[in-house]
Amino acid sequence: MSVPFLRGATGVTAFQSGGETYLAVAQSVCEPGAPPDACPAQPKSAMLQWNRASSRFGPLLSLEDGESVKDSGRELPTGELTTHQYNLRIDGGRAVKFAYLEVGAMRLLILCSLKRGALVLEWDFDKVVGLRGAISASVSARAVYAASVVDGAAVSLTREIRIDSVGRAVRICPGGCLAFASALSEHPLAISRIASSPSGAEGLRGARNVLFSPDVFPPPGASGAS
């Protein structure tokens, strides 16, 4: 099985993380032994993920079975696997190979590069939080605000078109797709290994309705937004 959109692959590393299988493809178009400045323009190295529906490696999946089982007790329906899939590329210069390891709670991806040395990246991604038990929403021209009865949170989502690292839109929606902006909760909600939502907003658990008022809450990005 070939991957036609990759060029100059110098090393391929397969690894599993969070119940998912990935390929890290180091890429360089320089010939072995070429001087450091011989090839100023280099392709970025690619990260690929196994898609059980297509039985192929391809773009990374925003929605994963492991998270779905944890949140809802079931695997994702096949038709939802490619929702918001995106291409991830890493600028490593003259990349040679990748290595993956786990140290305690940290998951590390290490890229060996003849130009940039060893690049250590934490294999961790921000997650959407605060929407379990979403019961009410209020819509403005640029955003949607939701209240969650289970997470005890107020969540804001913006309308935008997100572009991945190869310049492709993750998804096209009339008026812009909804993208997670922030969550305010009674108790911290883990967005990533080291980041949590702002907490301490008492009285949100059990909320039944949310109403947007531009006089009180300016849209995200406007002066005074929170």
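Tutor: Start with Arg107, which counts as partly exposed at 25% relative accessibility (buried is under 20% relative accessible area, exposed is over 50%, and partly exposed is in between, using a 1.4 Å probe and protein chains only). Bear in mind that this is a predicted model, where local features need pLDDT of at least 70 and side-chain atom pairs count only at pLDDT 80 or more, while totals for chains, interfaces and linings use all residues. Side-chain values use heavy atoms, without hydrogens or water, and numbering runs from 1 along each chain as its sequence is written.

Arg107 pairs with Asp124 in a salt bridge, with 3.8 Å between the closest N and O atoms (the cut-off is a Lys or Arg side-chain nitrogen within 4 Å of an Asp or Glu carboxyl oxygen). Asp124 sits in the loop between β8 (117-122) and β9 (134-139) and Arg107 in strand β7, so the bridge ties together parts 17 residues apart in sequence (strands are DSSP runs of E, at least two residues, numbered from the N terminus). Asp124 is partly exposed too, at 22%.

Searching the whole structure turns up three salt bridges. In another, Arg193 meets Glu122, with the closest N and O atoms 2.4 Å apart. That pair spans 71 residues, from the segment after β12 (177-185) to strand β8. Arg193 is partly exposed at 39%, and Glu122 is partly exposed at 29%.

Then there's Asp151 with Arg132, at 2.8 Å between closest N and O atoms. Both residues are in loops, Asp151 between β10 (143-148) and β11 (153-160), Arg132 between β8 and β9, 19 residues apart. Here Asp151 is buried at 6%, whereas Arg132 is partly exposed at 48%.

Conventions: Helices (H or I, at least four residues) and strands (E, at least two) are DSSP runs, numbered from the N terminus.
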